[in-house]
Amino acid sequence: MNSTGQHERQRVPVVLLIDDCEDVHRLLKTRLRFEAFEIAASLSGAEGLELVHKIKPAIILLDLDMPEMDGFEVLRRLKDDPEASDIPVLVISGMHSPHDKVTAFDLGAVDYITKPFDLTELRMRVRSAMRMRQLVLMLAQKAQIDGLTGLWNRAYFDRRWSNETSRIKRYDGALSLALLDLDHFKAINDTYGHPAGDEVLQTFAHQMLQEIRQSDVACRYGGEEFAIIMPDTAPEHARTVCERIRVRLEETVWPRHPNRPLTVSVGIVGTSGMTTMTSKRWLEQVDNLLYRAKSEGRNRVCTADVTMRPPRIADAG
Amino acid sequence: MQEQNKGPGGDAICSQYANDPDMVEIVELFVRELPKRLCSLREAFEQDNHDSLRTLSHQLKGSAPGYGFPSIGRLAGRLEATLREPDASQDAVRGQLEDLIALCERARVS
C-alpha cells in the first residue's frame, strides 16, 4: 500500500556489498548467487553511499577497514541519513577486537562477521537479517494501518501529506486532497448500535478503495472522517472520483437499516500545477470546504482549485 | 584437507574447493592472478611502501581462505600484523614476505 511496501513486493531485494577488496565481491557473488536476492557491489565507502540512494538495498554488507572513508564513517553516515537509517547493516571485517565490534554495534550494525568468513555461515546470517527485516517492515506497516477499516491511519496521513506537498513544491505536479465526512453518522451508532456503525465505516472504506486509483492514498482521518490524497490529480478529476463515491454511498442499501440511507459530504482542494500553499493551510482550506458542503445541505462535494491563481470555488449537489 | 602434489619449488598446495563446481572457476581466476599480486607485493617492499604492503597483505589475508587457501591467509595475516607494529624491522618484514611468496608460488587449483 505504501510506496515502499509496493516496491518490496514487486522487485527482488538487493544486497549491497561495500568492500574495497575485489576478491570479497567475487566470492560473495559466487557463493550467494542462488539466494533470493541480487547483489550490488561497490569498492569504496563514498561510492557505496551513493549507490544506497540509487538502488535502495534491503541489506548492506559493510567492510570496516577501507582506505579514505572507513566503514565506521560509512555506518555513521548511513545512520544519519533518514532515507538509509532503517537499512540493516551487517559488518564484515578482519578487525577482531571487541572494541571494534562494540563500536560497530553502537553505531547501529545488526551483525558483525569476522574475516576470513565461512561462506555458509555468512549466507545464513544474511538470510536471518532478511527475515528480521521482513518482520520489522510488517510491524511498521501495521502501526500505520487503521484496525477497523484497513485504510492508512492518521499518523500515516500526516507524514504522507507533508511529503506529497513538499514533493509538488519541487516538481510542480498536480495534487488534490479530499476530506470526506459521513453525514449524521452518530445517529447510526445511537439508533442501530455500534456494530451497525462499524459496518458502515467498513463498507464505505471498501467503496472508496474501489473508486480510487492505485496511486491514491485513502486514510481514516478520525471517527467518521476520511481523507484521500490524490497525487498527480487535478481538482476536477478528484471531484469526479469523489462524486462517484458520494453517489455510490447514497445508493447503498444497508441490510441492518434498509430505510436509513447514508450520505457523505466532501471538501476538495487541489492544484493542476504550481501552488504556493503550505500543507497546513491546504488542510485548513479543505476543512473549510467540507464545512461549507455540510452547511449547504450535506451530501455534496465542494471543490477549490488553487493552481497559482485566486481560488475559484465551485460546488455541486 | 589439502592434497599434496609434487611440483616445482616444493609440494603444491591445492584449494579446499578444488572439487566444488560452484567455486572452480573463481579459484582458477585467483590462482591465475596470484603472480600479479606477488609482483605488487615485491614492488611495494622494494619501494619501502609499507602502506601498500599492508593493504595487499590485508586483502590476501581476507580472501585466500575464501578460495580454499587458509594457509596463505595465515601467512598474509602474520605479515600484516608485523607491518602494523611501529618498530617492525625490515628483516622481519622481508623474511615473512619471502615465506608468503614461496607459499603462494606453490598454490594450484588441484
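Two residues are in contact if their C-beta atoms, placed from the backbone, lie within 7 Å. In this predicted model, take the contacts in chain A between residues at least 6 apart in sequence: 65% of them join residues at least 24 apart. The chain is built from 11 helices and 11 strands, and of its 317 residues, 36% count as buried.

Now for the inside of chain A. Nonpolar side chains tend to be buried together in soluble globular proteins. Here, the largest nonpolar core has 46 residues. Those with the most contacts inside this core are A:Ala178, A:Cys219, A:Ala227, A:Ile228 and A:Ile268. A:Ile268 makes a handy example. With its neighbours within four places in sequence left aside, A:Ile268 is in contact with residues including A:Ser176, A:Leu177 and A:Ala178, and its list of partners also includes A:Pro235, A:Cys242, A:Val286 and A:Thr303. There is a second, separate core too, with 31 residues, among them A:Leu17, A:Leu61, A:Val89 and A:Val126.

Next comes a meeting of two chains. On the chain A side, the contact is made by A:Asp23, A:Val24 and A:Leu27, while helix 2 of chain B brings in B:Gln59, B:Gly62 and B:Ser63.

How values were computed
Residues numbered from 1 in each chain as written. Chains lettered and ligands numbered in written order. Predicted model: local features only at pLDDT ≥ 70, side-chain atom pairs only at ≥ 80, totals over all residues. Core = buried A, V, L, I, M, F, W, Y, C linked by C-beta atoms within 7 Å. Buried ≥ 20, exposed ≤ 12 C-beta atoms within 10 Å, placed from the backbone. Helix = DSSP H or I, 4+ residues; strand = E, 2+ residues; numbered from the N terminus.
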